[in-house]
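Here is a friendly briefing to read alongside the model. Keep the 3D view open as you go.

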Amino acid sequence: MAIWQYSLPDEYLCEVELVPPHLEELTSSNPAVTPAGSEDLEKFLSFLQSPTLQGRLVDSFKLVKHYRLEKIQNPKTRTRKLNALLKDRIHTTITRNSTLRIEVYDEDPKMAYQIARFMLESVKKAVNFYLRREESITELKQQLSEIQGQIARLQDTLSILRRKYRIVIAPDVESGTFQVPYTQLLRDPEAMAHYDEVLQKEFMLKRLTQLRVDVLGGILWRERFLNTYPEVVWVIVEPHVPNLPERPKRLRWIALATLVGLGGALFLILYAHRLGLLHPFPTPEELPYQTS
């Protein structure tokens, strides 16, 4: 046991513990950053254990070469050996405190740290992709630019019609409707013919102005939320480069093997004694005297 244990290479452990957010709370009408429930934790755990993420992990860090598996020619054998090593060296679990724990073992402490950091960043990217916080702000700004362009073109058209036909529509603040002096329109048949067009454009301008206010409010709210919560994944244990090896536990295995060996030896001694195999052979003086 001692020879076998000391022949094994040292492996370093890098740990990460994190609390992902509750996805439904973040996407509700009144979003808030709250810890993930059991359902969300299971989703994130499945994501960390998914073949897609493992494939990206293998390709990003060239783990086939790192684990010295490139000499295996059979693809099935190499894949089976690689999956066994990933299962042995990368552990993802849900703790009793409803957190996600990532444990990465490797012979190279820097590699263990890089893999743990990669998995942590993958969780953050998955959350940001689901929420699309920055993308939504960019889309709203693009929508705001388009609305402002429509308002500017509509205002230019209305300005021409107002000057040409002297159609002035005054808004009624209390009712939200528009009023126009009909006596002036009756004197000019051409202005009367363009009255509906002007009225329609006035309504469009009013709707676009309100839409611009709503979109601008959405942008400001999202930017404020992003500045308040730049990170929605709460990292309890940050990854760091380990200094001391974590396994194998040589002394523990040697002590356990010693105890098992002593227990087995005692059992065999007692069993042999029960069978009478341990009785000493009699000396010639102790042999009974026989007469012929």
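Helices here are DSSP runs of H or I with at least four residues, numbered from the N terminus. Just after helix 4, Lys62 takes a positive phi of about 50°. Please keep in mind that this is a predicted model.

- Leu53, Leu57, Val58 and Phe61 are the buried residues of helix 4.
- Looking down the helix axis, you would find these buried residues within an arc of 140°, so they line one face of helix 4.
- On the face turned away from that buried side sit the exposed residues Pro51, Thr52 and Asp59.
- The cover over the buried residues of helix 4 includes helix 3, helix 5 (63-66), helix 6, strand 2 and helix 7.

**The nonpolar cores**
- The largest nonpolar core has 36 residues, and Leu18, Leu63 and Ile115 touch the most other members.
- Helix 7 gives the most to this core, with ten residues.
- Leaving out residues up to four places away in sequence, Ile115 touches Leu57, Phe61, Leu63, Ile90 and Val104.
- There is also a second, separate core of twelve residues, with Leu140, Ile147, Ile151 and Leu208 among them.

**The second largest pocket**
- This pocket holds about 200 Å³ of space.
- Helix 4 (51-61), helix 6 (75-89) and strand 2 (90-94) are the elements that each give two or more residues to the lining.
- The lining residues include Leu53, Leu57, Lys87, Ile90 and Met119.
- By type, the lining divides into six nonpolar, five polar and one charged residue.

Terms used
Residues numbered from 1 in each chain as written. Predicted model: local features only at pLDDT ≥ 70, side-chain atom pairs only at ≥ 80, totals over all residues. Heavy atoms only, no water. 1 Å grid on protein atoms, 1.4 Å probe; cavity = no way out; pocket = protein on both sides within 12 Å on 5 of 7 lines; lining within 4 Å. Points joined across faces, edges and corners; volume = space filled by probe spheres on them. Nonpolar A, V, L, I, M, F, W, Y, C, P; charged D, E, K, R; others polar. Core = buried A, V, L, I, M, F, W, Y, C linked by side-chain atoms within 4.5 Å. Buried < 20%, exposed > 50% of the residue type's maximum accessible area, 1.4 Å probe, protein only. Contact = heavy atoms within 4.5 Å. Arc of directions from axis to C-beta.
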